[in-house]
Amino acid sequence: MTKLKTWIAAARLRTLPLSVAGILMGTALAIQRGFFDADIFILALLTTLGLQILSNFANDYGDGIKGTDNHERVGPMRALQSGIITHQEMKIGMIITSVITLIFAIALIYAAFGKDNFLFSLIFFLLGISALAASIKYTVGKSAYGYRGLGDLFVFLFFGLLSVIGSYILYTEAFWFPSVLQAISIGLLSTAVLNLNNMRDRISDKNAGKNTLVVKLGAKRAKNYHYSLIVIAAISALVYIVLVQNWWLTISLLAFIPLFIHLKKVSKTKDPATLDPELKKVAISTFLYAVLFLIISTLAGGI
């Protein structure tokens, strides 16, 4: 594999659709309320993609230098593990990605709030810095929170609450309580992807000292936790539709059908290695849910 292909692989393109699901959902909610701005939409997508790629690079770097990515790992070989990209090169890649993402974030804040709303600008700038730090600290450093079972919480906060509610506020400059329900749905589904990844890697993570929530819970309770994430996400999505009484949005719930089929597969799985294909199914279903919600919100009008 060439170095360019290795960098592309390290960016983990299959994770990118999931990362923008929150932005699509927040945009859909804003459209329902009569708000949209193309500049905000594009810059929000670019910022989120930058954060996801940075997180993927940092994950590769952190697990690589800690020795977590080894012969026991089930998933595809990582960049540092392959030896094609060095530790120093990955660190430089992380710095460049951080700078580019920060530029996108600043441009996004300016597009949303201009010079008039200093308080919102300051809050979102601090949130942007926090998101950059969280992307790196998942596996990098002695206090990496991914090694202490806190990855699920951070994914829920940043991919769910911050992504959905934050993008909604970027358009509207206001908080709307029903948006929390959709933020919970996207956050829990995103957490389910991480949980599935950690279920797959439970044995190798445990042996490497990476104490993910799955390692702490054990295989059986991790499955029950996984069921809860997806079921509660579906309930939260349904409650939103009932609350706003926009029944056209019920069509978006079709995206949960493959997720419930997926749960049946998980319940029967005994070999963690067979869970790897399920990662893509959950990620694509989450993205599909957000896309359907956005399309219906655009076509059906406001509430």
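Leaving aside neighbours within four places in sequence, Asn-198 is in contact with Tyr-138, Asp-152, Asp-205, Thr-212 and Val-214. The model is predicted. Asn-198 belongs to helix H9, one of 14 helices in a chain with zero strands.

- Helix H9 covers residues 179-200 and holds Asn-198.
- The relative accessible area of Asn-198 is 2%. Asn-198 is therefore buried, as the limit for that class is under 20%.
- A polar contact of 3.5 Å joins the side chains of Asn-198 and Asn-197.
- The contacts of Asn-198 beyond four places in sequence include two aspartates, Asp-152 and Asp-205. Tyr-138, Thr-212 and Val-214 complete that list.

**The chain as a whole**
- The chain has 14 helices and zero strands. From the N terminus on, its elements run α-α-α-α-α-α-α-α-α-α-α-α-α-α.
- The radius of gyration is 19 Å, close to the 19 Å that the globule rule gives for 303 residues, so the chain is as compact as a globular protein of that length.
- Along the principal axes, the C-alpha atoms fill a box of roughly 55 × 45 × 35 Å.
- Of the 303 residues in the chain, 52% are buried.
- Take the contacts between residues at least 6 apart in sequence: 78% of them join residues at least 24 apart.
- The chain exposes about 13800 Å². Carbon and sulfur atoms supply 70% of that area.

**A nonpolar surface patch**
- Ile-106, Phe-118, Leu-122, Phe-125, Leu-126 and Ile-129 make a nonpolar surface patch of about 560 Å².
- Helix H7, residues 118-137, gives the most to this patch, with five residues.
- Phe-125 is one of the patch residues, and its place is in helix H7.
- Phe-125 has 34% relative accessibility, so it counts as partly exposed.

**Loop residues with positive phi**
- Glu-173 is not a glycine, yet its phi is positive, at about 55 degrees.
- Glu-173 sits in the loop between helix H8 (151-172) and H9. Its relative accessible area is 35%, so Glu-173 is partly exposed.
- Gln-245 is not a glycine either. Its phi is positive, at about 55 degrees.
- The loop between H12 and helix H13 (257-268) holds Gln-245.
- Gln-245 has a relative accessible area of 55%.

**Lys-220 in helix H12**
- Helix H12 spans residues 219-244 and includes Lys-220.
- Lys-220 has 68% relative accessibility and therefore counts as exposed.
- In sequence, Lys-220 and Leu-161 are 59 residues apart. In space, their C-alpha atoms are 28 Å apart.

Note on methods. Residues numbered from 1 in each chain as written. Predicted model: local features only at pLDDT ≥ 70, side-chain atom pairs only at ≥ 80, totals over all residues. Heavy atoms only, no water. Helix = DSSP H or I, 4+ residues; strand = E, 2+ residues; numbered from the N terminus. Buried < 20%, exposed > 50% of the residue type's maximum accessible area, 1.4 Å probe, protein only. Polar contact = N/O pair within 3.5 Å; in protein donor to acceptor, adjacent residues only side chain to side chain. Contact = heavy atoms within 4.5 Å. Patch = residues over 30% accessible without salt bridge, like charges linked within 9 Å, V, L, I, M, F, W, Y side chains within 5 Å. Areas by Shrake-Rupley, 256 points an atom, 1.4 Å probe, with all protein chains shown as cover. Salt bridge = Lys/Arg side-chain N within 4 Å of Asp/Glu carboxyl O. Rg over C-alpha atoms; globule rule 2.2 N^0.38 Å.
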